[in-house]
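Visitor: I have a structure open and want to learn how to read it. Can you take me through some of its features?

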Amino acid sequence: MHTKTIAELSKLLAAGEVSSEELTRSYLERIRKHQPALNAFITVTEDDALEAAKEADLLRKNGQAGALTGIPIAQKDIFCTDGVKTSCGSKMLDNFIAPYDATVVERMKRAGTVMLGKTNMDEFAMGSSNETSFYGSVKNPWDVTKVPGGSSGGSSAAMAARLAAGTTGTDTGGSIRQPAALTNLTGFKPTYGRVSRYGMIAFASSLDQAGTITATVEDAAMLLNVIAGFDERDSTCVNEPVPDYTATLDADIRGLKIGVPKEFFDDGLDDKVAQCVRDALTVYESMGATLVDVSLPNLGLSVPTYYVVAPAECSSNLSRFDGVRFGYRCENPVSLEDLYKRSRGEGFGAEVKRRIMTGTYVLSAGYYDAYYLKAQKTRELIKEDFCRAFENVDVLMGPTTPTAAFGIGEKSDDPITMYLNDIYVNGANLAGVPGMSVPMGFVDGLPVGLQIIGNYFAEAKMLNVAHRYQQETDWHTKLPKGFE
Amino acid sequence: MALTPDDVKSIAHLARLEIRETDISAYTDNLSRILDFVKQLEAADCDGVAPMAHPLDMSQRLRADEVIEHDQRDRYQQNAPQVDAGLYLVPKVIE
């Protein structure tokens, strides 16, 4: 049953061939079996899940079921869940029981999904390997010596091992697309403001966006149908109508213009990954799409721009963790300053502290203009590159990552090497445009992803384009050994 | 852009972070390298470019100043390290 997609399970549930309780029990059993090896979950909410499953079955019996009623899912532990520990992968919030639901959680509950638990993640979503989690690193089901990507690495590992039918993630600088690419999954980051950030623990507020990591594009469309849309409680959430993303999945893509940015094929790109991209583009040509050479001349500035903007915003956002109202407090503080400093010094991990200090520095008196103001200008240049490209093409395509999954511990000593892993994904966050990754093949036995970037609010188009690719290829159906 | 250990201590103080003495040299090295790395932005020609305020050029939405949430102090304070009679307790600030 675990190999079925959300779309397939939805039909089986509707036909009465399986109950949500049976499904939920079978996923909980899989979690019990594989959690020790993968460490994909921080919290498993077994009792709540079974109760929600029974409720879903009752709703169905009463004829009140929707497409997602009874579907077992997992939430990234960055989303607040009423009455359930919400740690954000940090010692700082190890004791935090969220007093309310994030909008994403609330909407998925309302749609009848069953939450199995909260997935592991890099601490405060800062990382590309899931090695910065207070709860330990997560293992990639394709090779447990490799990282599952990050920061949504618990979601990608859980989904790759089929420990849930669908998962959520957040993407500030690639944290949905990169882990999806490294685990053979479909990762979708909507336009900035498309999904409410209310109750999603803030990292860099001008970049953060919630999305999904699923087995297929169709499943992503089904979840996006529920989580996208206006929310008064997030002042950056955009009040634009939400189309039915599943309705246009099968639309004809003949005549589609695909922009291929030459900057995506730089020296850092692994030759075999480049070949996979070329193969994927050939599939698109055979479906009637046209390839157009485009240039994003300032894309090379995206990682340094990101590593000014994101730490600056993080240093501000994370100042709320002060050991006073919630979260970790040091023992026996002798003064208020001692309380602040030791609570934060002991409660945050090394990468979070590095970013807070980087952010504090670039915002400090005398340096603001040289770093932050300059980065907001280069950010504008990067955005203008994307806007110019979309005057001539429908979507952009390229690799999601320069290489397949790297080894656990391989890059954790060098922040710059780790940061450069996100070279192709940071741009979409800086510009605010939607981006996604779909499975496009394997390099030495490890999966790699095709990145598709769309214009603002072009989610339906992107899902259509990606879905058609999954109709022509079967990469997304491959499962890691031992999890079939 | 080489930071000194004293720079790191002063940044850590601004951020209200206690950094162990033994970790100062690693942070000095890491932060210097990060700042060196982002320094390449200097070379970008941004003459006449307005700094981005919002990716969608939106302005902040406003709402009427009405009470929309009810008091849940007791519930929220369940997450607090130390409270008394509805107040958050911290070490004595004024002697």
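Guide: We begin with burial. A residue counts as buried if 20 or more other C-beta atoms lie within 10 Å of its own, and as exposed if 12 or fewer do. Bear in mind that this is a predicted model.

Visitor: Is Phe457(A) buried or exposed?

Guide: Phe457(A) has 20 other C-beta atoms within 10 Å, so it is buried. Phe457(A) sits in the loop between strand 11 and helix 15 (459–472) of chain A.

Visitor: What should I look for in its backbone?

Guide: Look at phi. Most residues other than glycine have a negative phi, and most peptide bonds are trans. Phe457(A) is not a glycine, yet its phi is positive, about 60°.

Visitor: Where is Ala85(B) found?

Guide: Ala85(B) is in the loop between strand 1 (83–84) and strand 2 (87–88) of chain B. Its phi is also positive, near 50°. Ala85(B) has 5 other C-beta atoms within 10 Å, so it is exposed.

Visitor: Which residues does a cis peptide bond join?

Guide: Gly150(A) and Ser151(A), with omega at about 5°. Ser151(A) belongs to the loop between strand 3 and helix 5 of chain A.

Visitor: How many residues of helix 5 of chain A are buried?

Guide: Eight of the eight residues of helix 5 (residues 153–160) are buried, so the rest of the structure largely encloses this helix. Among them are Gly153(A), Ser156(A) and Met159(A). After helix 5 of chain A comes Arg162(A), with a positive phi near 55°.

Visitor: Which residues does Ala180(A) touch?

Guide: Leave out residues up to four places away in sequence. The contacts then include Ser156(A), Ile213(A), Ser437(A) and Gly449(A). Ser156(A) is one of the buried residues of helix 5 of chain A. Ala180(A) itself lies in helix 6 (residues 177–182) of chain A. It counts as buried because it has 39 C-beta neighbours inside 10 Å. Now compare sequence with space. Ala180(A) and Phe442(A) are 262 residues apart in sequence, but their C-alpha atoms are 13 Å apart.

Visitor: Now the strands. What is the general idea?

Guide: In a regular strand the side chains alternate between the two faces of the sheet. Then ask which strands pair, and in which direction.

Visitor: Which strands are joined to strand 2 of chain A by bridges?

Guide: Strand 2 (residues 72–76) runs parallel to strand 3 (residues 114–119) of chain A, with five bridges between them. One of these pairs Ile73(A) with Met115(A). Strand 2 of chain A also runs parallel to strand 4 (residues 166–170) of chain A, with two bridges. There Ala74(A) stands opposite Thr167(A). Strand 2 of chain A is mostly covered, with five of its five residues buried. Together with helix 4 (residues 103–110) and strand 3, strand 2 of chain A makes a right-handed β-α-β unit.

Visitor: In which sense does strand 9 of chain A pair with strand 11 of chain A, parallel or antiparallel?

Guide: Antiparallel, over five bridges. Leu396(A) has Ile453(A) as its bridge partner in strand 11 of chain A. Strand 9 of chain A also pairs with strand 7 (residues 257–261) of chain A, here in the parallel sense over two bridges. On that side, Leu396(A) stands opposite Gly259(A). Five of the five residues of strand 9 (residues 395–399) of chain A are buried, so this strand is largely enclosed by the rest of the structure.

Visitor: How many residues of chain A are in contact with chain B?

Guide: 53 residues of chain A are in contact with 37 residues of chain B. Helix 12 of chain A gives the most to the chain A side, with eleven residues. By class, that side has 27 nonpolar, 14 polar and twelve charged residues.

Visitor: How do I describe a helix pair?

Guide: Two packed helices are described by the angle between their axes and the distance between the axes. Helix 11 (350–362) of chain A is one of the elements on the chain A side. Helix 11 of chain A packs with helix 1 (residues 5–14) of chain B at about 95°, with their axes 9 Å apart. That makes these two helices roughly perpendicular. Met357(A), Thr360(A) and Tyr361(A) meet Ile11(B), Ala12(B) and Leu14(B). By class, the contact has five nonpolar, one polar and no charged residues.

Visitor: At what angle do helix 1 of chain B and helix 2 of chain B cross?

Guide: Roughly 95°, with axes that come within 9 Å. Helix 1 and helix 2 of chain B are therefore roughly perpendicular to each other. The contact includes Val8(B) of helix 1 and Leu31(B) of helix 2.

Technical notes
Residues are numbered from 1 along each chain as its sequence is written. Chains are lettered from A and ligands numbered from 1 in the order in which they are written. This is a predicted model: local features need pLDDT of at least 70, side-chain atom pairs count only at pLDDT 80 or more; totals for chains, interfaces and linings use all residues. Two residues are in contact if their C-beta atoms, placed from the backbone, lie within 7 Å. Helices (H or I, at least four residues) and strands (E, at least two) are DSSP runs, numbered from the N terminus. Ala, Val, Leu, Ile, Met, Phe, Trp, Tyr, Cys and Pro count as nonpolar, Asp, Glu, Lys and Arg as charged, and the others, Gly among them, as polar. Two strands pair if DSSP finds at least two bridges between them. A crossover is right-handed if, with the strands pointing away from the viewer, the path from the first strand over the helix to the second runs clockwise. Axes are lines fitted to C-alpha atoms, for helices over the stretch in contact, and angles run from 0 to 180 degrees between N-to-C directions. Angles under 35 degrees count as roughly parallel, over 145 as roughly antiparallel, 65 to 115 as roughly perpendicular and the rest as oblique.
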